[in-house]
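Please consult the sequence and the structure shown below while reading.

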Amino acid sequence: MLLCGGFMMERMKRVSIKDIALAVGVSTATVSLVLTGKNKNGRVSKEMSEKIKKVAHEMNYQPNRLAMSLQSGRSQTIGLLVADISNPFFGTLAFYVQEEMEKAGYAVIIMNTDESDVQMERMISLLRSRQVDGFIIVPTEFGEKSIAQLVDNRIPLVLIDRYYPSLQVNGVLIDNYQAAYEATRYLIDTHCERVALLIYENSQPHMIERERGYTNALKDAGLYDEELIKRVRYKYMDEDIIGAITWLAQKRKDMDGILFATNTIAMTGIKQLLNLGFRIGEDVHVVCFDKSDAFDFMPVFIPYIHQPIANMGRLASQLLIKQIEDVELGEELIHKLTARLVKK
């Protein structure tokens, strides 16, 4: 039994940098430079670096993050807070953030706020207690106080998809005004004269800019009608969307186009249009933000605003890494990326 136990203990023994150094035939310092990502000046050749990484992988080396944290003063972990992980937009965003952060040697703890300010505050507190090195956050509507505390405490931070104009903090988002204006202009060019907007009842800049783009495109064409704007509450989204579409169908029979401000609004909205007998692309033309996989099963193509989610996730990660590693960022705080309208 002792022999068996000893054998099992040997098998379970954590592979160390020293073990890898002995296997490769180099010093522990050389292995450490490569595996901790500190070989930025090329002190170890590319060939040797690849060999060390290959041997580490074959030996199933797992870095001791606690030891690394004690040595460097960093946990090599960041917190990512998203609004709704079930939404394909945020799920995809999380994928690209994690991919980019892991390339730089950081683990990512992903948490879902469900658009709750209380949840966001609680999650930030929890992650700070875990000594994360920084945050990438999709901020909630009234969570400015929680974000301001991170800024005041000089915690590395990047806001993504949304931001608070009053705070001096790095942010990555799309040009929401441009995207909404272009989408509405497309509906007008498709000969729509009564274009409705379904949008969240929300005071955050990204929603305000989407409504402003829609409004200005219609005003420029002399077609603006405030009655066609329908706002839905996040907590009662399905109920409000069904009610809005039903009202438009009954009270505004001249409605011939709809801009859906998010893909989640679009899915319920399109379903209700079909339930009421509307022929998409004939009786009513629609455009939405982001593509949904469900669109592939539609008999007609659904035009949509393509947001550069991969670039957003990667840029936010790169900005955060620079903050953590005290690299100069430059004066630009808010980075606006261009979204494009996909018509076919």
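## Contacts of Glu100

With which residues is Glu100 in contact, leaving aside its neighbours within four places in sequence? Glu100 is in contact with Arg314, Ser317 and Gln318, where contact means heavy atoms within 4.5 Å. This residue lies in helix 6 (residues 88-103); helices (H or I, at least four residues) and strands (E, at least two) are DSSP runs, numbered from the N terminus. Glu100 counts as buried because its relative accessibility is 13%; buried means under 20% relative accessible area, exposed over 50%, and partly exposed in between (1.4 Å probe, protein chains only).

The model is predicted: local features need pLDDT of at least 70, side-chain atom pairs count only at pLDDT 80 or more, and totals for chains, interfaces and linings use all residues. Residues are numbered from 1 along each chain as its sequence is written, and side-chain values use heavy atoms, with hydrogens and water left out.

## Domains

The domain assignment gives domain 1 (15-62), domain 2 (71-168 + 308-338) and domain 3 (174-304). Such bounds come from an automatic or database domain assignment. Between the C-alpha centres of domain 1 and domain 3 there are 55 Å.

## Nonpolar cores

A nonpolar core is a set of buried Ala, Val, Leu, Ile, Met, Phe, Trp, Tyr and Cys residues joined through side-chain atoms within 4.5 Å. The largest nonpolar core has 75 residues, and those touching the most other members are Ile136, Leu198, Ile258, Leu259, Phe260, Leu273 and Val286. Helix 13 (residues 309-324) gives the most to this core, namely 7 residues. At least three residues come from each of domain 2 and domain 3. A second, separate core has 19 residues, including Ile124, Leu127, Val169 and Leu173.

Apart from neighbours within four places in sequence, the contacts of Val286 include Leu187, Ile258, Phe260 and Ile270.

## Helix 2 and helix 4

The axes of helix 2 (residues 17-24) and helix 4 (residues 46-58) come within 10 Å and cross at roughly 120 degrees. Axes are lines fitted to C-alpha atoms, for helices over the stretch in contact, and angles run from 0 to 180 degrees between N-to-C directions. Helix 2 is therefore oblique to helix 4: angles under 35 degrees count as roughly parallel, over 145 as roughly antiparallel, 65 to 115 as roughly perpendicular and the rest as oblique.

In this pair, Ile20, Ala23 and Val24 of helix 2 meet Met48, Lys51, Ile52, Val55 and Ala56 of helix 4.
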